[in-house]
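Biologist: I would like to learn how to read this model. Could you take me through it one feature at a time?

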Amino acid sequence: MAKKGDQDNKQPQSGGGGNVVSLPERCPVEKCGKKPTRSAFCEEHFHWFKEGLVNRKGEKPKDFDKKYQHYLKKHRKAS
Ligand SMILES: [Zn+2]
């Protein structure tokens, strides 16, 4: 006599949903670590991001120095 307890007991678990997007607690730029005030960056590095000095992850591009010099010139008004 076969017992009748071999039923499929599927537990309906909706997959996904583990995608929690939380704001980082610190600015992702290397050696910064300030509290983000704009987007994921601190005030200063938000401008960097806008100027292309760092990417979303706070990483610097290969031609960072070049861009940084350009950035400094742009933001340093001759006085
Ligand atoms: Zn920063």
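This is a predicted model: local features need pLDDT of at least 70, side-chain atom pairs count only at pLDDT 80 or more; totals for chains, interfaces and linings use all residues.

Biologist: Thanks! How many helices and strands does the protein have?

Modeller: Helices (H or I, at least four residues) and strands (E, at least two) are DSSP runs, numbered from the N terminus. Here there are two helices and zero strands.

Biologist: Which residues of α1 are buried?

Modeller: They are His45, Trp48 and Phe49. Seen down the axis of α1, the buried residues fall within an arc of 100° (taken from the directions from the helix axis to the C-beta atoms), so they line one face of the helix. Just after α1, Gly52 takes a positive phi of about 85°.

Biologist: And how many residues of α2 are buried?

Modeller: The count is zero among its twelve residues, so to speak a hardly covered helix. Helix α2 covers residues 64-75 and reaches 16 Å from its first C-alpha to its last. That is close to the 16 Å expected at 1.5 Å a residue, where the expected span is 1.5 Å times one less than the number of residues.

Biologist: Which residues make up the largest nonpolar core?

Modeller: A nonpolar core is a set of buried Ala, Val, Leu, Ile, Met, Phe, Trp, Tyr and Cys residues joined through C-beta atoms within 7 Å. The largest one here has seven residues: Cys27, Val29, Phe41, Cys42, Trp48, Phe49 and Val54. For the whole protein, 10% of the 79 residues count as buried.

Biologist: What does Val54 touch, leaving aside residues up to four places away in sequence?

Modeller: Two residues are in contact if their C-beta atoms, placed from the backbone, lie within 7 Å. On that basis Val54 touches Val29, His45, Trp48, Phe49, Glu59 and Lys60. With the same exclusion, Cys32 touches Cys27, Cys42 and His45. Cys32 is found in the segment before α1 and counts as partly exposed, with 17 C-beta neighbours inside 10 Å. Cys32 and Gly58 are 26 residues apart in sequence, with 9.7 Å from C-alpha to C-alpha.

Biologist: Where is Lys31, and what is its phi?

Modeller: Lys31 is in the segment before α1. Its phi is positive, about 65°, although it is not a glycine. Lys31 is exposed, with 5 other C-beta atoms within 10 Å. Ser39 lies in the segment before α1, and its phi is near 50°, a positive value in a residue other than glycine. Ser39 counts as partly exposed, with 14 C-beta neighbours inside 10 Å.

Technical notes
Residues are numbered from 1 along each chain as its sequence is written. A residue is buried if 20 or more other C-beta atoms lie within 10 Å of its own, exposed if 12 or fewer, and partly exposed in between; C-beta atoms are placed from the backbone.
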